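Colleague: Please show me the structure, and then let us discuss it in turn.

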There are 2 protein chains.
Amino acid sequence: MKNDLFLRALKGETVERPPVWMMRQAGRFLPEFMEIREKYDFFTRCRTPELASEITVQPIRRFGMDAAILFSDILVIPQAMNIEVQMKPNFGPYLPNPVRDQKGVDSVVVPDVNEELDYVMNAIKATKEMLNDEIPLIGFAGSPWTILCYVVQGQGSKTFDKAKEFCFTNPVSAHTLLQKITDTTIAYLKAKVEAGVDVVQVFDSWGGMLSPVDYREFSWKYIDQIIEALKEMVPVIVFAKGCWYALEEMSNSNASALGVDWTVTPRTARYLTKNRLTLQGNFDPARLLSPPSQIKEMVTQMINEFGKDRYIVNLGHGILPNVPLDNARAFIDAVKEYKK
Amino acid sequence: MKNDLFLRALKGETVERPPVWMMRQAGRFLPEFMEIREKYDFFTRCRTPELASEITVQPIRRFGMDAAILFSDILVIPQAMNIEVQMKPNFGPYLPNPVRDQKGVDSVVVPDVNEELDYVMNAIKATKEMLNDEIPLIGFAGSPWTILCYVVQGQGSKTFDKAKEFCFTNPVSAHTLLQKITDTTIAYLKAKVEAGVDVVQVFDSWGGMLSPVDYREFSWKYIDQIIEALKEMVPVIVFAKGCWYALEEMSNSNASALGVDWTVTPRTARYLTKNRLTLQGNFDPARLLSPPSQIKEMVTQMINEFGKDRYIVNLGHGILPNVPLDNARAFIDAVKEYKK
């Protein structure tokens, strides 16, 4: 790997500056992506290796991040598990037949991922060729709890009350469903590694909806299975948004890095994780709407507070679609120009 | 006051059991409320003292909570400030002319609250008569930051990106707007106290969207002004959802109590607030969908963990509309039956 800064930071090695990438850097805010989006619908972009790989490398070409992340979606997993998923413009994901009972759970299959998700593996191979070993490629999956949220709720939600009601009134069925999702996700991430990804990240977007006790039971237990299954193959990053309360427990796992959101100060994040592993984050995505000079100052301060080692500069959640290019550039440049 | 348990807990006195009420107990889940909702639209219910007071006492009649909270809405404040607010069914608040620049801020007025919001004061008087000094009445307001979120975004949002962009790119105008909202809110809450409310609560529903640094600048600074202006008149409760990171700073204020959400364990909440003041919360509203016997066990455990003194039993956010009556009753009964 010509630029191995990201892999070295994940191993905890001393680096000259921290690596940088941005969650959702592929397929959200670049004008060259908008052009592709006008021509092809969401799942066509995911399923066509030439499109997915092109979208993946677009931000690298423009800004030169230290890692690429494959353009895809966490909901390809329920799709492969025999659950219909639509992506409605101006609405988001829509699952017309949500799972709400044991009969629904029974109808969910654990698929052969190489067959059902071969298009992802082909996109990885195409991307690896385009990247030409310049930088590492990240593959990702949603956490089982976050996937359950969509599968049961049937759409996005402020409270995911139907998903929680299902877990709280029907825990046996919920755990059966979570285990099916976990088994599929482990097979999927292993296949991704075999296809070429260098690192995997698990996104627990909705873990922060749960209490600490419920998080342990319905989310962390399954994420930890994924870490244990993958840890010998590649570094595993876990980003559990809103889960500051679980950072200490998560830091005892075999994850290589934990993502943190912007409600956690660098100092608190280091304190809660006892300096045991690499941290990733945590610039408020909306702060990329500040003037570029201010962004640069804030990024430098953030690096100083996290420390340049055992640290990956990132946002605290996905980049917003309306971020000006100069502002995204200021974020990346501030890291590259960083001198302690 | 015949039942002064709530007031005594706010003063930090030793009590035989903690008091209990539920955020959003009025006007959300009761069948007798649904009947009123079918006949009158949202702002008619707010503006008609007979309706607002009836809705306020409905949950007390059925369950006998230790405090009533006036049925109203945080968005009556921007309405009174010359900003149009509509409540769209199945959509939520909609402000057709959001404030996005200094010109918009200039057009916002600080009204005479007794004139513009006299219907609230009349509802308080009507409610106090109905309550007949049985239990205290809480009046509430949104935090200035939370009101700004709606006033600038124009509707609910997952990220309130437009509100944040306004603050981050135009901080002078944002602070002018926040101060206007604060001045109005202080006058409003003082008028409410004069009309008869015994306690006030400030809801910072969207504080948790901000980083700790931005929270201090754009939210806490103004909440603290409200506390200082009201503290001699009545106890002030502040509920800042998602703001665990600010609990320590907030506990140094003159608030009588702080609300906490269910992501904070009782132990962490006590640790962060250094046992300085009363805490209120923090049952996951979705946990009211669990079976009643389990609810009772969880409530008892929650009281044991917070401790019965300096504690007000509540949810960690508003009650969900689909909670069965028996489950709400189990929540209240578990507190009333509590024995250490």
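**Burial, fold and symmetry**

Modeller: Of the 340 residues in chain A, 55% are buried, that is, have 20 or more other C-beta atoms, placed from the backbone, within 10 Å of their own. This is a predicted model, in which local features need pLDDT of at least 70, side-chain atom pairs count only at pLDDT 80 or more, and totals for chains, interfaces and linings use all residues. Residues are numbered from 1 along each chain as its sequence is written, and chains are lettered from A and ligands numbered from 1 in the order in which they are written.

Colleague: What is the radius of gyration of chain A?

Modeller: The globule rule (2.2 Å times the number of residues to the power 0.38) is applied, with the radius taken over C-alpha atoms. For 340 residues the rule gives 20 Å, and chain A comes close to this, so it is as compact as a globular protein of that length; its radius of gyration is 19 Å.

Colleague: How many residues of chain A are in contact with chain B?

Modeller: Two residues are in contact if their C-beta atoms, placed from the backbone, lie within 7 Å. On the side of chain B, 22 residues take part, and on the side of chain A the number is 22.

Colleague: Which C-alpha of chain A is nearest the axis?

Modeller: Chain A is superposed on chain B by a rotation of 180 degrees with 0.0 Å of shift along its axis (RMSD 0.0 Å), fitted by least squares on the C-alpha atoms of residues with pLDDT of at least 70 in both. That is the relation of a two-fold axis. At 3.9 Å from the axis, the nearest C-alpha in chain A is that of Lys158(A).

Definitions and conventions
A residue is buried if 20 or more other C-beta atoms lie within 10 Å of its own, exposed if 12 or fewer, and partly exposed in between; C-beta atoms are placed from the backbone.
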